[in-house]
Amino acid sequence: MYSLLKDVKILDLSRLLPGGFATQMLGDMGADVLKVEDPWLGDYMRWLEPHFEGLEESPLFWGLNRNKRAIKLNLKSEKGKEILFKLIQEYDVVVEGFRPGIMEKLGIGYETLKEKNPGVILCSISGYGQDGPYRDKSGHDLNFTSLSGIVGLTGEKDKDPVIPPVQIGDIGGGSLMAVPGILAALYNREKTGKGQYIDISMLDGAVSFATMLISQLGISEDLKRGEATLSGKLPCYNVYPTKDGKHMALAALEPKFWEDFCKVVKREDLISKRLSEEEEVKDEVKNIFLSKTREEWEEIFANEDVCCDPVLDLDELENNPQIKHRKVLKDIPHPRGGNVKVVDTPIKFSEEEKREHRQPPEYGEHTEEVLQELGFGEDEITNLKEDKII
């Protein structure tokens, strides 16, 4: 956890992945993030399987919600909205992930929030954006990545599309578009004093990941599954099985890397075949890799500059020397469930001292603390609990 954003206060009204990952990134950079959950269920990610042994809590929540506080608040009630408006006066940014129109239906849309705090920044992360014919459609990551063309291009030629195992639309199209949008809005507010409404569409963001391919439309014919330059068309840029049933990734795209690869495997006759589209050439390279185990190939290429690396399984990451050296993975102690392995902050700053993370909050853990900060007394807090406002 860094302190670059230590003076920024963020209300996180979102649930599940896109908003949670975005606000965690901002919390990692020092922002004071307050997670607002309803008092009857809260963020579904808390309860999704798998569970910690003997608990009904999910480790998935722990991968998205460190460096946050959490309160329970019924935003469907007038009293709950009053409390939110008190918070709005003190907070800089609100992040939400409801379907378009829900914030307005609750009476807490941007125009209303702006009346309470003219400098407030509201960031909405939705599947298809706040306008257009798909505005009200439901969707998940597979829908966004399919409509973006990504799924259609993923997989082997003449075979069915393959579902990406990571959430490209949710994280890439949602979280990673929201964070720079929020930072830009904060920077602009420093100069103008004005707040901002940020409309993030996960479909828009997913489409932007295909920018290198879209720029070729109308020029190149090789834009079908398994036929694009970087998706299995060429022998120099492909994934190959090894003798022990594992795989190596060869990305010798430039001539110098391919030439060195051919020399290392003692197949100089293949140097001129770098851009060959003949299946026979790929079969030749495949047979080369099948002659040894993945570990043997790792040793052979360890000191060679040929862009060739092992295809790792997730449970192998923590023993990879580069990932270990960079401290990419981290264990966070759960008070009742042992250690939880999470991905640490991926951004490193030269002039910032890193501090220990705050562990993810319990459901409603900081409700009373936050209300006391707003000036509520013990009797008022008791009444709010009895009225199911918190």
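E82 has a relative accessibility of 43%, so it counts as partly exposed. The scale is this: buried is under 20% relative accessible area, exposed is over 50%, and partly exposed is in between, with a 1.4 Å probe and protein chains only. K79, at 34%, is also partly exposed.

Before going on, the terms of the model. It is predicted, so local features need pLDDT of at least 70 and side-chain atom pairs count only at pLDDT 80 or more, while totals for chains, interfaces and linings use all residues. Residues are numbered from 1 along each chain as its sequence is written, and side-chain values use heavy atoms, with hydrogens and water left out.

Back to E82 and K79. Their side chains form a salt bridge at 3.6 Å, N to O. A salt bridge here is a side-chain nitrogen of Lys or Arg within 4 Å of a carboxyl oxygen of Asp or Glu. Both residues sit in helix α3, residues 78-88, three residues apart, about one turn of the helix. Helices are DSSP runs of H or I with at least four residues, strands are E runs of at least two, and both are numbered from the N terminus.

Across the model the count is 30 salt bridges. One of them joins D12 and K68, at 3.4 Å from N to O. That pair links distant parts of the chain, with D12 in strand β1 (residues 9-12) and K68 in strand β3 (residues 68-72), 56 residues apart. D12 is buried because its relative accessibility is 0%, and K68 is buried at 0%.

Next, E369 and R69. Their closest N and O atoms are 2.7 Å apart, in a salt bridge. E369 is in helix α16 (residues 367-373) and R69 in strand β3, 300 residues apart. Which of the burial classes does R69 fall in? R69 is buried, at 6%, whereas E369 is partly exposed, at 36%.

Last, helix α14, residues 294-301, which contains E296. R294, W297 and F301 are buried in α14. Down the helix axis, these buried residues fall within an arc of 60°, so they line one face. The arc is taken from the directions from the helix axis to the C-beta atoms. E295 and E299 are exposed on the other side of α14, and E296 is partly exposed at 37%.
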